[in-house]
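Let us walk through this structure step by step.

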Amino acid sequence: FEFLRPGLEACNQLRMMDWSENNLVGRNYATIGDVVGNCGATMETLMCTSGDSCSSVGLRDNGLSGLETGLVQCPNLQRLDVSGSRLTSRGLRLLQSIIRKCSPSLQVLDVAGAGICGGIGDEGMIILYRALQCCRNLTKLNMSRCRLQATSASLLASTIANNATQLVAVDIHGND
């Protein structure tokens, strides 16, 4: 995707980028991160989804690391969709950092099926919990198919209670 860089960097008014279901490697995500950072003030939506976290295609820790530099320069990011990503606890910590830095404007967060083979589980929810506490403008949260269990459910309930004035949709289908 390096060949797209010059054209995309010229588009400094981009509001949305969708890199879903592409077989990208870390350096491609770093390129996307650079472009996203170049558009920082106008970028509102970034989607890097995979249909299935067990698939060979999808966002991994090193890809999220490449995106992080650009995403933290997006004060107006309203939607972040990393559903189906293959993030480990390291990647979830990176996601936590990104969410905290974008939290004032973040309205939609989709982590459905995130994690290794379909679930962040209790450990992942504990990591994301602190970041979600900062998201006072969150209107939609999708944590379906994340293998949330008792501990996760308690943390999620607390998150929902703290954001109750803004949340209009919460999707938690397909959890344990």
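Helix α6 covers residues 150–162, 13 residues in total. From its first C-alpha to its last it reaches 19 Å, close to the 18 Å expected at 1.5 Å a residue; the expected span is 1.5 Å times one less than the number of residues. Helices (H or I, at least four residues) and strands (E, at least two) are DSSP runs, numbered from the N terminus. This is a predicted model: local features need pLDDT of at least 70, side-chain atom pairs count only at pLDDT 80 or more, and totals for chains, interfaces and linings use all residues. Residues are numbered from 1 along each chain as its sequence is written, and side-chain values use heavy atoms, leaving out hydrogens and water.

Which residues of α6 are buried? They are Ser152, Leu155, Leu156 and Thr159. They cover an arc of only 100° around the axis, so they sit on the same side of α6; the arc is that of the directions from the helix axis to the C-beta atoms. Buried means under 20% relative accessible area, exposed over 50%, and partly exposed in between (1.4 Å probe, protein chains only). The cover over the buried residues of α6 includes α5 and β5. The face turned away from that buried side carries the exposed Ala150 and Ala161.

Between α5 (121–133) and β5 (140–142) runs a loop that holds threonine 139. Threonine 139 is buried, because its relative accessible area is 19%. Contact means heavy atoms within 4.5 Å. Beyond its neighbours within four places in sequence, threonine 139 is in contact with Gln107, Val108, Gln166, Leu167, Val168 and Ala169.

Now the whole protein. It has six helices and six strands. From the N terminus on, they run α-β-α-β-α-β-α-β-α-β-α-β. Buried residues make up 51% of the 176 residues.

The structure also holds three salt bridges. A salt bridge is a side-chain nitrogen of Lys or Arg within 4 Å of a carboxyl oxygen of Asp or Glu. One of them joins the side chains of arginine 90 and aspartate 61 (3.9 Å, N to O). Arginine 90 lies in helix α4 (residues 89–102) and aspartate 61 in helix α3 (residues 61–71), so the pair ties together parts 29 residues apart in sequence. Aspartate 61 counts as buried, at 10% relative accessibility. Arginine 90 is partly exposed, with a relative accessible area of 43%.
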